[in-house]
Amino acid sequence: MATNMEKLVIIGSGQAAIQLSASLRQKKYDGRITMIGEEPYLAYQRPPLSKAFLKGELEEGRLFLKPQKFYDDKDIELISGARVEKVDTANKAVTIGGGTSYSYDKLVFATGTRPRMIPELEGAENVQVMRTLDDAKALKTQVDKLNHVTIVGGGYIGLEAAAVLRKMGVAVDVLERMPRLLARVIGEEISDYFKNLHEANGVNIRLGAEVQAYQKDGNSIKGVELNDGTTSKTDLILVGIGVLPNQELAAEAGIEVGNGIIVDENCETSVSGIYAIGDNALRPLEGQSEKLRLESVPNAIDMAETAARHILGLERPAYDPPWFWSDQYDTKIQTVGLFSEHTETFVRGDVAAGKFSVFYFKSETFLAVDSVNDPQSFMACKNILKMGLRLTSEAVQDQSKTMMDIFKELKTQKV
Amino acid sequence: MAKITFVSNDGEEQVIEAAEGESVMETALNNGIDWIMADCGGACACATCHVYVDEDQLEATGEPSEMENSMLEFNDHQQSNSRLSCQIKVTEDLDGLRVTAPESQY
C-alpha cells in the first residue's frame with residue numbers, strides 16, 4: 001500500500017488533536033487525517049473560558065485555534081458533533097453514534113477529560129461546571145442575573161472564575177475541603193498569597209469546608225449548609241473539583257489504562273499504532289518514578305509533537321519541562337517543573353509586594369518553581385530545567401543576584 | 001484595516017490585511033503563517049510568538065510590558081527590535097508593518 005493511503009483517525013477535536021494534525025502536515029505527512037469530536041466547534045482554546053471569555057474581553061470567534069480555511073488547506077477532515085461509540089482494534093475501525101464506521105491504520109485518543117460531579121447535584125438546574133465552550137456560554141449568559149455564586153473547589157478553575165465573577169460584581173463563596181487553596185498543584189506560600197488576594201477582592205474563602213447539605217427547592221439549589229453550621233443562600237453552584245480522564249472507550253478496546261490511558265515515552269499505548277495525547281494520557285516524565293497525567297496546554301502540545309514525530313519515524317522532541325500559567329485579577333502565576341516530591345522550599349522576591357517565586361528542591365536537586373508576577377524567575381528556571389543545568393539552593397538564596405545573572409553563570413559553567 | 005507583511009526564515013513574504021483590534025499573533029494564526037506558534041494563545045506566558053519588527057516601525061507598536069520583556073530576555077535570539085506578536089494590537093497606524101521570523105521560530 002502506498003504511504004499516502006495511510007489513514008489516521010483522531011478521537012477528539014481539542015487542542016491536542018489540532019496540534020497533532022498541524023504538526024503532521026507541517027512535517028509533510030501525506031496520509032488522511034480525520035478528527036472526530038463531540039463538540040460542535042472547530043478546535044478552540046480552553047484556558048480563556050474561565051478568564052477573558054467569561055469576562056467578555058475575548059469573543060467566541062477569537063477562541064478558535066485555527067480557522068476553517070486551515071482545515072481545508074491542510075486537508076484535515078473534522079467530523080464534529082459525533083461521539084465515537086466503539087473502537088475495534090482487531091478490525092482497526094471506530095464507529096460513531098448512528099453506525100458510521102471509519103477504518104484506521106493509526107489511531108489517536110485525544111479524548112480529554114470531563115469534570116467530576118457531586119452526585120447530589122446531578123441534574124439540578126442551577127449547577128454548572130467549566131470545561132467546554134458551552135459551559136462557559138451558559139454561565140456567561142446568566143451572570144447579570146446572579147447575586148451570589150458558590151464555587152465548590154479551590155483549584156485553578158474555581159479561582160479563575162471567582163476572580164472574573166468578583167470583577168462583575170457577583171458575591172462569591174469558595175468552598176475548599178483542604179486546609180489551603182490549590183493544595184494539589186502549588187506550595188503553601190503561594191496558597192496563602194492567593195487566599196489573601198481573593199479575600200482582598202471580596203471573595204469569601206472557606207477552607208476545610210465540608211458541605212453538610214445542599215438545600216433544594218424543586219430542581220434548584222437555594223442554599224449550602226456547611227459542617228460548621230453556617231448556611232448561605234446562593235443563586236448558582238459552580239463545581240470545580242477536578243476532572244476524570246475520558247478513557248472508557250480505550251479500556252473497552254483492551255488498551256491499558258490507570259488514571260488515564262497509559263502511554264510510553266513516544267505517546268504510544270499498550271497497542272502498537274494507537275496513541276494517547278493530552279490530559280487523558282498517563283505518561284512517563286523525566287525524573288519521575290511514576291507515570292503522571294498532566295492537565296495543561298503545554299502538555300497537550302508536547303505530547304502532540306511527540307506523537308507526530310513517532311508516527312513519522314522522527315526523533316523525539318527535546319525535553320520540555322512541564323509548565324503552566326494562570327491569570328487571576330492582575331496576578332499572573334507561572335510554574336515550571338514538578339514540585340510534588342520536594343523536601344525544601346526557598347522564597348525569592350517580595351511576597352508583600354506580590355512579586356516573588358517559590359523554588360522547590362528535593363535535597364539538593366532543583367525540581368520546580370512557582371512564580372507570582374515574576375516572569376524572569378520562571379523563564380530562567382524553564383531554561384535551567386530544559387538545559388539540565390544544576391541550580392543550587394545556595395544560588396537561589398543569594399538575592400543580590402538576579403535570576404538572569406544566576407542563569408548566565410550556570411550556562412557559562414556548563415560550556 | 002492594516003496591511004502587515006510577515007517574512008519567514010527563508011525570506012518568503014506574505015502580505016495580510018489585518019483586522020483592527022486583533023493582535024498581530026492572531027492575524028498570523030488566522031492566515032496560515034505557521035512559523036508563529038503562540039502555544040499559550042496570547043496570554044504572554046510562553047514566548048513562542050516572537051518576531052522582529054522593522055526598527056523604524058518599533059515605536060508604532062507601543063511599549064512592551066515588563067512581563068513581555070522578561071519573557072523575551074531569555075531568548076538567545078533577542079534583539080533590540082524583538083516583540084511578542086500577541087502583545088501588539090493591530091491599529092490603522094500599523095499599516096505597512098513588517099515583521100520577520102527570528103531563527104528560533106520556524
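This talk goes through the side-chain contacts of the structure shown above, taking salt bridges, ring pairs and charges over rings in turn.

Before the contacts, a word on the basis: this is a predicted model, in which local features need pLDDT of at least 70 and side-chain atom pairs count only at pLDDT 80 or more, while totals for chains, interfaces and linings use all residues. Residues are numbered from 1 along each chain as its sequence is written, chains are lettered from A and ligands numbered from 1 in the order in which they are written, and side-chain values use heavy atoms, with hydrogens and water left out.

Let me begin with charge pairs. Side chains of opposite charge can pair when their charged atoms come close. I call a contact a salt bridge if a side-chain nitrogen of Lys or Arg is within 4 Å of a carboxyl oxygen of Asp or Glu, and by that rule there are 31 salt bridges over all chains.

One of them joins Asp279(A) to Arg131(A), with the closest N and O atoms 3.4 Å apart. This pair links distant parts of the chain, since Asp279(A) is in the loop between strand 20 (274–276) and strand 21 (281–282) of chain A, and Arg131(A) is in the loop between strand 9 (127–128) and helix 4 (133–142) of chain A, 148 residues apart. Helices (H or I, at least four residues) and strands (E, at least two) are DSSP runs, numbered from the N terminus. Both Asp279(A) and Arg131(A) are buried, where buried means under 20% relative accessible area, exposed over 50%, and partly exposed in between, with a 1.4 Å probe and protein chains only.

Which residue of chain B forms a salt bridge with Lys411(A)? The partner is Asp76(B), and the closest N and O atoms are 3.3 Å apart. Lys411(A) lies in helix 11 (residues 403–414) of chain A and Asp76(B) in the loop between helix 2 (66–72) and strand 4 (82–84) of chain B, so the pair joins two chains. Lys411(A) is partly exposed at 29% relative accessible area, whereas Asp76(B), at 64%, counts as exposed.

Within chain B, the side chains of Asp54(B) and Arg98(B) meet in a salt bridge at 3.2 Å, N to O. Asp54(B) lies in the loop between strand 3 (50–53) and helix 2, and Arg98(B) in strand 5 (residues 97–100), so the pair ties together parts that are 44 residues apart in sequence. Asp54(B) is partly exposed at 24% relative accessibility, and Arg98(B) is partly exposed at 28%. Salt bridges that share partners also join Lys27(A), Glu305(A) and Arg309(A) into one network.

Turning to the rings, I count an aromatic pair when the ring centres of Phe, Tyr and Trp (its six-membered ring) lie within 6.5 Å, with planes under 30 degrees apart stacked, over 60 edge-to-face and the rest tilted. There are 14 aromatic pairs over all chains. Tyr156(A) and Phe324(A) form a tilted pair, 4.7 Å centre to centre with 35° between the planes. Tyr156(A) is in helix 5 (residues 156–167) and Phe324(A) in strand 22 (residues 323–328) of chain A, 168 residues apart. Tyr156(A) is buried at 12% relative accessibility, whereas Phe324(A) is partly exposed at 22%.

Phe339(A) and Tyr360(A) are edge-to-face, 5.2 Å centre to centre with 65° between the planes, and both residues are buried. Ring pairs also link Phe346(A), Phe359(A), Phe361(A) and Phe366(A) into a cluster.

Finally, a charge sits over a ring if NZ of Lys or CZ of Arg is within 6 Å of the ring centre and within 35 degrees of the ring normal. The charged end of Lys66(A) sits over the ring of Phe70(A), 4.8 Å from its centre, and that of Lys140(A) sits over the ring of Phe53(A), 4.6 Å from its centre.
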